[in-house]
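The sequence and structure come first.

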Amino acid sequence: TVMNRTFIILFMAAVAALAVTAQTAMPQSQAKELAERINTVASSISTMQCGFEQVKELSILKDRMVSEGTMCYRSPNQLRWEYTSPYAYRFILDGDKVTMDNGRTSNTVDIRSSHMFQEIARIMMGSVTGRCIGEGSDFKAAYYTSPDGGWIVRLTPVKKQLKHMFKDVALHISATTSMVSEIEMTENNGDRTVIRFKDIKINKPLDDSVFKVH
């Protein structure tokens, strides 16, 4: 359905690969140490709140679409992703249910009805926190240092279904926090979506109502 298609597109727009320059590949021993550090930090995150800016670049139209919004996450399986500008749209993942709402209509989907929905939801959760790094069943990871002193983890899909959906995923990791600061997807058709997190707050209380549609 159209709503199901929208769900997939929105999740894929939120899982992205940073287009980087001047990358320097890390030795294997350092890459292993970095992966352990990132996963340790990710495992310590019980909640996360932030704003974001999303820039979508369309290869065919040579156009850029910029939008802004907010994100709230609570471990292990709750996520609220809300666009506030230039349009209003939100989707809320609460356990096995995802609700998509544009202010006029809303639709709730049980992700257990689709293996692909489950995969996308799991990857989305992992990408927000960095927890997906090192999950070899989904991705092949390559580690690089970046000019700003942080790191870039480029993830190439391993599973056939994921390969059909996007070319690669990369996470830009902050040297200060060892957390994901930017994520972007590069699709097979050349389209790219860059998302930059801002004003990140972790492990602050979140009310149950955040993950409900009112």
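A nonpolar core is a set of buried Ala, Val, Leu, Ile, Met, Phe, Trp, Tyr and Cys residues joined through side-chain atoms within 4.5 Å. Buried here means under 20% relative accessible area. The model is predicted.

## Nonpolar cores

The largest nonpolar core has 45 residues, and Met48, Met71, Trp81 and Phe197 touch the most other members. Helix α3 (residues 115-129) supplies the largest share of this core, seven residues. A second, separate core has five residues, among them Cys72, Leu206, Val210 and Phe211.

Methionine 71 can be followed in detail. Residues up to four places away in sequence aside, methionine 71 touches Met48, Gln49, Cys50, Phe52, Leu79, Arg80, Trp81, Val128 and Phe197.

## Cysteines

How many disulfides does a search of the whole structure find? The search finds zero. A disulfide is a covalent bond between the sulfur atoms of two cysteines. The cut-off applied to such a pair is 2.5 Å between the sulfur atoms.

For cysteine 50, the closest cysteine sulfur is that of cysteine 72, and the two sulfurs are 7.9 Å apart, which is too far for a bond. Seen from cysteine 72, the closest cysteine sulfur is in cysteine 50, again at 7.9 Å and too far for a bond. Cysteine 50 is buried, at a relative accessible area of 6%. Cysteine 72 also counts as buried, with 13% relative accessibility.

## Glutamate 82 in strand β4

Strand β4 (residues 78-85) contains glutamate 82. The side chain of glutamate 82 makes a polar contact of 3.1 Å with the side chain of arginine 80.

With neighbours within four places in sequence left aside, the contacts of glutamate 82 are Phe52, Glu68, Gly69, Thr70, Tyr89 and Arg90.

Strand β5 (residues 89-94) and β6 run antiparallel and are joined by five bridges. Arginine 90 has aspartate 101, in β6, as its bridge partner. The hairpin of β5 and β6 has two residues between the strands, and glycine 95 takes a positive phi near 70 degrees there.

β6 also pairs with strand β7 (residues 106-110), in the antiparallel sense and over five bridges. Here valine 98 has valine 109, in β7, as its bridge partner. Four residues lie between the strands in the hairpin of β6 and β7, where glycine 103 takes a positive phi near 90 degrees. Strand β6 (residues 97-101) is mostly covered, with four of its five residues buried.

Methods: Residues are numbered from 1 along each chain as its sequence is written. This is a predicted model: local features need pLDDT of at least 70, side-chain atom pairs count only at pLDDT 80 or more; totals for chains, interfaces and linings use all residues. Side-chain values use heavy atoms; hydrogens and water are left out. A polar contact is a pair of N or O atoms within 3.5 Å; within protein, one must be able to donate a hydrogen and the other to accept it, and residues adjacent in sequence count only if both atoms are side-chain atoms. Contact means heavy atoms within 4.5 Å. Buried means under 20% relative accessible area, exposed over 50%, partly exposed in between (1.4 Å probe, protein chains only). Two strands pair if DSSP finds at least two bridges between them.
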